[in-house]
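The sequence and structure are shown first.

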Amino acid sequence: MNRSKMVWPALSFRQKLVVIWIAGFIASSAFNLIYTSYSTHRMMKEQALAGAEDTLQIADAFLSSLMHEMIGAMNSMQFDPGVITSLNQSRLDAMTADAVLYLNNKFDGMSRTITNMHIELLFRDESYYFSTNSSKEMDTAYLNRQLWMDELDKLSVFETLWVGMIPSYYKNDDDMLLSLARRLTDYNGNTTGYLVVSVQERIIAGILAGEDSSRNMMLIDSGGTLIFHPDFSLIGSVLPEYELLSSAGDASVADVNGKELLVVKRKLEYADWSLISLMSYREAISGMNRVYTINILIQSAFLTAFIMLMVYFVAQFTKPLKRLASIVASIKTGNLSVRTNIRRDDEIGQLSLSMDLMLDRIQGMIGQITYEQAMKRKAELEALQSQIKPHFLFNILNAIRVKVLQRGDGGNAELVGALSLLLRNIYRNNEWITLHEEVELVSEYVKLMNAMRKHAVKLRIELPSDTMLTEVPRFVLQPFIENACIHGLPHKHGEVKVAARLNGNRITITVEDTGKGMAESALLELRQRIGSGPSLSSSGGMFGIGMSNVRDRMTLMYGDDFHMDIASGKDLGMTVNLTFPVEAKEAAG
């Protein structure tokens, strides 16, 4: 562990990068190789099994076709009226010449149409036999001595005995025959003869042997007895591997006496026979193994070449990192005038360009900060001056009010006091004031408005005590008072009433005047203008804050919780209701 700590820090960044990359690449390649090897062998096994199954299926198709032809030929003979009549006649009397001629012609015709099988008709008393194989003489005595002939007598007329592969029943013939047999009867169910259909072993061998000499394809019955085997000496014996193969699946790789065999079994649709294909698993996949080995060698060669190329290119690509490292070291000493000057169309070039731009911006920001500090000191001085100016203005207004009072002019002194109070509220920085303070503000505003009017407007306040301390946005009532004085009561005396009521956590403030009001069309136009018109009023009032502005401010603060209703009629004045939550300050914050 200590040795690892000594070696690893001694490597450069480039060397560490190469080592880590090679280790990761080799690890991933090894994992991929192991997984590919496993998948390939599994795929090869599946392909080998699929190929064996296909071969077995083709053999089954040919064998089934041959068996169907044998059964078809047997049916043609068994149910031929002439054959039936001749057999029945032979039990009662000697066969006539016409019957013998008919049977000879029948078998001669069958021999010309069926060339790959033999059909034999053997009479029960061995008095006659007929065969499609005219070149060989049948040994009827030998045939009757066969054990399966006794089993044949136990079958019904429509049952077929699948005899299997037996020695030839022709004299002087060493061939093996695959045979089927039926018992023929008269109308009373008495045996009249036997019908045997056979094919030579070379026909079966041609179907099952195939072109692959490494594959053993055989035909067995339900007990494992070999009906056909490429080694004819084994026919009739029990397959040695039958007990081991019986536990294997229909298509699998089985371990038989320490040797892996590719085993495929297929049950035939007739009799109780099965086709079995046995092949060495290693021989089955030998071709694919060679391709896989060559592929591994090619991949290894490419991997080695690729690693060598990557080591070279990594070394070349990381050279600019040394330049960047030296630039960073210079920056650490406080030298911000250095630049990398590395221009490449890759990530290192982008990093170098970004570092140069960063140094440019840092130098620019230092200059900007220096300038902003100077401007900040200047702004602080101006802010101090702006705080002094309103106080100076209020002090002058207060002095004027005192001098006016000293001269006994109470009315003008009240106006000066109202203007001073109004200006103090305008210069306040807080957004929220109590409803009581807002009403005082509009009261002073009405006093100033009345000083400029010929006909005074009376302001009536009806505020329940539980609404006085409710916080509302500043200047929420002034635009409606201004609208009542300028538009509702332009040239006559009148009254403007401000009322409020609480309903749960909501407050409704009502501004109502006794002015001239407006017609329904004009009211509709006003509602549309307030709902979608400009935020600033064009009424020319003192503050320039119109009804649309109030609606925009309150909607921004309260959203759908704010409602403004305007009602009016010709000579009926105007009523405005503002409804919003009483937790105004908390909601906005």
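Helix H15 (478–488) contributes three residues to the lining of the largest cavity, the most from any element. H15, S15 and S17 each supply at least two of the lining residues. Helices (H or I, at least four residues) and strands (E, at least two) are DSSP runs numbered from the N terminus. The structure is a predicted model, in which local features need pLDDT of at least 70 and side-chain atom pairs count only at pLDDT 80 or more, while totals for chains, interfaces and linings use all residues. Residues are numbered from 1 along each chain as its sequence is written, and side-chain values use heavy atoms, with hydrogens and water left out.

The search of the whole structure returns one cavity of 30 Å³ or more, and the largest cavity holds about 40 Å³ of space. A cavity is a set of points, on a 1 Å grid over the protein atoms alone, where a 1.4 Å probe fits but cannot get out; lining residues have an atom within 4 Å of a point. Grid points are joined across faces, edges and corners, and the volume is the space filled by probe spheres set on the points. Phe480, Asn483, Ala484, Val511, Asp513, Met547, Met574 and Val576 form the lining. By class, six of these are nonpolar, one is polar and one is charged. Here Ala, Val, Leu, Ile, Met, Phe, Trp, Tyr, Cys and Pro count as nonpolar, Asp, Glu, Lys and Arg as charged, and the others, Gly among them, as polar.

Asn483 lies in helix H15. Asn483 counts as buried because its relative accessibility is 19%; buried means under 20% relative accessible area, exposed over 50%, and partly exposed in between (1.4 Å probe, protein chains only). Setting aside residues up to four places away in sequence, Asn483 touches Gly488, Met547 and Met574, where contact means heavy atoms within 4.5 Å.

Strand S17 (residues 574–581) has six of its eight residues buried. Strand S15 (residues 506–513) runs antiparallel to S17 and is joined to it by eight bridges; strands pair if DSSP finds at least two bridges between them. Strand S16 (residues 563–568) is also antiparallel to S17, with six bridges. Asn577 in S17 is the bridge partner of Thr510, and Asp565 also stands opposite Asn577. Five residues lie between the strands of the S16 and S17 hairpin, where Asp571 takes a positive phi near 60°.

What is the count of salt bridges? The count comes to 12, a salt bridge being a side-chain nitrogen of Lys or Arg within 4 Å of a carboxyl oxygen of Asp or Glu. Three of these pairs are tabulated below.

| Glu462 | Arg460 | 2.1 Å |

Asp552 is partly exposed at 22%, whereas Arg551 is buried at 18%. Salt bridges with shared partners join Arg460, Glu462, Glu495, Lys497 and Glu512 into one network.

Notes. 1 Å grid on protein atoms, 1.4 Å probe; cavity = no way out; pocket = protein on both sides within 12 Å on 5 of 7 lines; lining within 4 Å.
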